[in-house]
Amino acid sequence: MTQTDPHRGRRAQGALETQVLTALHDAGVPVTAGWVREHLTAGLAYTTVMTVLARLLAKNAVTRRREGRSFVWVPAADQAGLAALKMHRVLDGEQDRRAVLASFITALPADDEQVLRELLHQAGDGG
């Protein structure tokens, strides 16, 4: 499912990055940009995939190493990191982050709310 901005007819910010990261996670092994392109449903140009991978590299979301004449790519984060990136993308796409966070928190089950409180407490203590 590709999200688009109705005013510009373009994908929502970060949607391609999330799709590329998901493909890398699904691969389970280092893969080339060509492999990523073949496994995306968006029918993207190779140069577009390379641009997305370069952006992800700049954000430290992926790593790469040279194999022969090309690079192979791997996600830098595990599945939890990918889920966190998706959550950041949602927040980045909203104007009222406070309202989104408030809605998220009030909908949490009690156990998850307690885990969140503990994590926030730990983060406030510096780890």
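Q: Where does Asn60 lie relative to α3 and β3?
A: In this predicted model, Asn60 lies in the loop between α3, which spans 46–58, and β3, which spans 62–67.

Q: Why is Asn60 called exposed?
A: The relative accessibility of Asn60 is 63%, and exposed is the word used for values over 50%, so Asn60 counts as exposed.

Q: Why is Thr51 called partly exposed, and where is Thr51 found?
A: Thr51 is found in helix α3, and its relative accessible area is 38%. Buried requires a value under 20% and exposed a value over 50%, with partly exposed in between, so Thr51 is partly exposed.

Q: What separates Thr51 and Glu17 along the chain, and what separates their C-alpha atoms?
A: Thr51 and Glu17 are 34 residues apart along the chain, while their C-alpha atoms are separated by 9.8 Å.

Q: How do you know that β3 and β4 pair, and in which sense?
A: Two strands pair if at least two bridges are found between them; β3 and strand β4, residues 70–75, have six bridges, so they pair, and they do so in the antiparallel sense. Within this pairing, Arg66 stands opposite Phe71 in β4.

Q: What do β3 and β4 form, and which residue in the turn has a positive phi?
A: The two strands form a hairpin with two residues between them, and Gly68 in the turn has a positive phi of about 70°.

Q: What pattern does the chain follow, and how many helices and strands are there?
A: Read along the sequence, the pattern is β-β-α-α-α-β-β-α-α-α, with six helices and four strands in the chain.

Q: How confident is the predictor in the chain, in terms of pLDDT?
A: The mean pLDDT of the chain is 86, and 89% of its residues reach 70 or more. Over residues 1–9, however, the pLDDT is below 50, and this stretch has 12 contacts in the model beyond near neighbours in sequence.

Methods:
Residues are numbered from 1 along each chain as its sequence is written. This is a predicted model: local features need pLDDT of at least 70, side-chain atom pairs count only at pLDDT 80 or more; totals for chains, interfaces and linings use all residues. Side-chain values use heavy atoms; hydrogens and water are left out. Buried means under 20% relative accessible area, exposed over 50%, partly exposed in between (1.4 Å probe, protein chains only). pLDDT is the predictor's confidence in each residue, from 0 to 100. Contact means heavy atoms within 4.5 Å.
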